[in-house]
Amino acid sequence: MINMWVSKITRENLTNDVIDRLLFEGLNDNGASVDCIIVLGSLKAAKYRVPVAAEAFFSGRSENILLCGGKIRNFSSERMTEADNMYQKALELGVPESSIIIERSSQNTIENILCSLVELQRSMCLNKVKSVLLVTTTYHMRRSLHIARYLFPSHISVFPCPADDTTTKRNNWMNTPEGIDRVKNEALKIAGYVNNGAIPDFEL
């Protein structure tokens, strides 16, 4: 196994081994209890991410869930923000309204993280927040985690809580064109973030 800096990743050297190490290795949920569970938004976040966050909530790992996503989408029920769609799902799963914080401004992953800081300050006071659990789709976790750890204050620990979808699990992404395209694009996006200074470079 040859070590590689993420800044050096290109489409030409993006092997299955590099993809596996970059997107999936070492991102297991450690079961930590935290001050808040943060769920990042997407079109299918209510389906895949919110149930994972609800499970962590009902396991007693946190008393708060923050739902992030201001992008407006056409969902099956109606047109609404990603956060509001996740909110409906969280209520369906039994999460009490009093435990849910909603962030409706962010339009992408970086803004998810930045806007979550504002909501944490407003609802809990950042100085009192010591740890958070970050919930997003497994293949999207590395980028999200590095952004959060780069932008969050140093006194806040950020722990991963990956949520598998159908086609981009660690053991099946290579089986469909959709899965292959998703992971390759995500890997190249991480390299792009590193090269434009959005997150620090790191070694695989």
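Visitor: Is Arg170 buried, partly exposed or exposed?
Guide: The structure before us is a predicted model, and the accessibility is computed from it. Arg170 has a relative accessibility of 38%. Buried means under 20% and exposed means over 50%, so a value of 38% places Arg170 in the class called partly exposed.

Visitor: Which residue forms a salt bridge with Arg170?
Guide: In this salt bridge, the closest N and O atoms are 2.8 Å apart. The pair links distant parts of the chain, 150 residues apart. Arg170 lies in the loop between β7 (157–163) and α6 (177–195), whereas its partner lies in helix α1. The partner is Asp20.

Visitor: Helix α1 also holds Asp17 and Arg21. About how many helical turns separate them?
Guide: Helix α1 spans residues 16–23. Asp17 forms a salt bridge with Arg21, and their closest N and O atoms are 3.0 Å apart. Because the two residues are four residues apart in the helix, the separation is about one helical turn.

Visitor: Which of these two residues, Asp17 or Arg21, is buried?
Guide: Asp17 has a relative accessible area of 37%, so it is partly exposed. For Arg21 the relative accessibility is 5%. Since buried means under 20%, the buried residue is Arg21.

Visitor: How many salt bridges are found in the whole structure?
Guide: Besides the pairs discussed, Asp165, Glu178 and Arg182 are linked in a network of salt bridges. A search of the whole structure gives a total of nine.

Visitor: Let us turn to Ser144. Is Ser144 buried or exposed?
Guide: Ser144 is part of helix α5, which covers residues 141–151. Leaving aside residues up to four places away in sequence, Ser144 touches Leu40, Thr109, Ile113, Leu134 and Thr136. Its relative accessibility is 0%, and Ser144 therefore counts as buried.

Conventions
Residues numbered from 1 in each chain as written. Predicted model: local features only at pLDDT ≥ 70, side-chain atom pairs only at ≥ 80, totals over all residues. Heavy atoms only, no water. Buried < 20%, exposed > 50% of the residue type's maximum accessible area, 1.4 Å probe, protein only. Contact = heavy atoms within 4.5 Å. Salt bridge = Lys/Arg side-chain N within 4 Å of Asp/Glu carboxyl O.
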